Amino acid sequence: MHMTQVKKLNAILTFMRHGEKDDSGSLTLNGHHQAKRRGLKTEHLNGDVVLFHSGSVRVRNTIRTMAAHMHLSAEQEALLELGEHVADYTVPSLHYLKDTKNTGDYFTHWDDIELTPENIQERMDSFLDFGDTSTESSIYYSPEIMAKNIAKIIDTEINFANLTDSKHRTNFINGSHEPVLTAFIGYFLSDYEAVSAGLIKTIGGPIDFAESFDIYIWQIGRDDFEIEFNFRGIKKLLDVAALRQFIHS
């Protein structure tokens, strides 16, 4: 007789866009509140909370605020927002720029549009059309490389979750930017092929401030895990072998 296997949520990998920014690129008060609300909606697994960010101050402040409100005590929230008792790590590949001090021509003019939903969608569709190309290869990564950078981080965090014992449960909070996160969503939902035209509309529009996609790692047996991508109710199983093939393609 086979015993019924019970799935146990072992880790959540959250990939989150920073909150609303002002003209200088800093997190606004509204952006702070967006991050707080996102944290309150996030399931805390009562284990480690590990923070990775792109190196941008607005991204770091977003994920610190988000993590500080994952159903922790008021004292813990205050300490986390001050940066105490928290380790956040800079991961350059979570950025869209190769050197954060040099935005180049394309991204210097990224926001030179009327920021309507339609214009933002058109901007992102046009960006994804670059595929494996960057118009300024020394400045920013192509959409495909951005997607692969996220895939590498996912693979690393999956390995960590699978290597630790069943009592070790982890929330990974990864802070990044709209082009990077959208690139991965697009390639993943397109089975790692060129992103299909109109994908942004299909998924309900561009990723919003302080919005995220999540990867859930369910432990089924000692060496058996189920991994699920979740974004706006879109759920899709993640095949680690296919993910790694994409990384090395």
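Author: Leaving out residues up to four places away in sequence, Ile234 touches Leu189, Ile203 and Phe229, where contact means heavy atoms within 4.5 Å. The model is a predicted one, in which local features need pLDDT of at least 70 and side-chain atom pairs count only at pLDDT 80 or more, while totals for chains, interfaces and linings use all residues. Residues are numbered from 1 along each chain as its sequence is written, and side-chain values use heavy atoms, with hydrogens and water left out.

Ile234 belongs to strand S7, which covers residues 234–237. Helices (H or I, at least four residues) and strands (E, at least two) are DSSP runs, numbered from the N terminus. Ile234 has a relative accessible area of 28% and is therefore partly exposed; buried means under 20%, exposed over 50%, and partly exposed in between, with a 1.4 Å probe and protein chains only. Between the C-alpha atoms of Ile234 and Ser212 there are 12 Å, and the two residues stand 22 residues apart along the chain.

The surroundings may be approached through the nonpolar interior. In soluble globular proteins, nonpolar side chains tend to be buried together. A nonpolar core is here a set of buried Ala, Val, Leu, Ile, Met, Phe, Trp, Tyr and Cys residues joined through side-chain atoms within 4.5 Å. The largest such core has 51 residues, and those that touch the most other members are Leu13, Met146, Ile150, Ile154, Phe184, Phe213 and Leu238. Helix H6 (residues 143–163) supplies eight residues, the largest share of this core. Another core, of nine residues, lies apart from it and includes Ala35, Leu51, Ile63 and Ile173. As for Met146, its contacts beyond four places in sequence are Tyr96, Phe107, Phe127, Tyr140, Tyr141, Pro179, Val180 and Ala183.

Helix H6 also packs against helix H7 (residues 178–189), at an angle of about 85 degrees and with the axes 8 Å apart. Axes are lines fitted to C-alpha atoms, for helices over the stretch in contact, and angles run from 0 to 180 degrees between N-to-C directions. H6 and H7 are therefore roughly perpendicular to each other; angles of 65 to 115 degrees count as such, those under 35 as roughly parallel, those over 145 as roughly antiparallel, and the rest as oblique. From H6, the residues Pro143, Glu144, Met146, Ala147, Ile150, Ala151 and Ile154 meet Pro179, Val180, Leu181, Ala183, Phe184 and Tyr187 of H7. By class, this contact of H6 with H7 holds twelve nonpolar residues, no polar ones and one charged residue. For this division, Ala, Val, Leu, Ile, Met, Phe, Trp, Tyr, Cys and Pro count as nonpolar, Asp, Glu, Lys and Arg as charged, and the others, Gly among them, as polar.

Helix H7 has a further partner in helix H5 (residues 117–128): the two axes come within 11 Å and cross at roughly 65 degrees. Ile120, Arg123, Met124, Phe127 and Leu128 on the H5 side meet Glu178, Pro179, Thr182 and Ala183 on the H7 side. The contact of H5 with H7 comprises six nonpolar residues, one polar and two charged. Pro117, also in H5, has a relative accessible area of 59% and is therefore exposed. Its C-alpha atom is separated by 7.9 Å from that of Pro206, 89 residues apart along the chain. In the loop between H7 and helix H8 (199–202) stands Asp191, whose phi is near 55 degrees, a positive value in a residue other than glycine.

H1 passes H2 in a right-handed crossing. His32, Ala35, Lys36, Arg38 and Gly39 of H1 form the contact with Thr62, Thr65 and Met66 of H2. Two of the residues in this contact are nonpolar, four polar and two charged. The loop between H1 and strand S2 (48–53) contains Asn46, which has a positive phi of about 65 degrees although it is not a glycine.

Technical notes:
Left-handed = near helix turned anticlockwise from the far one by under 90°.
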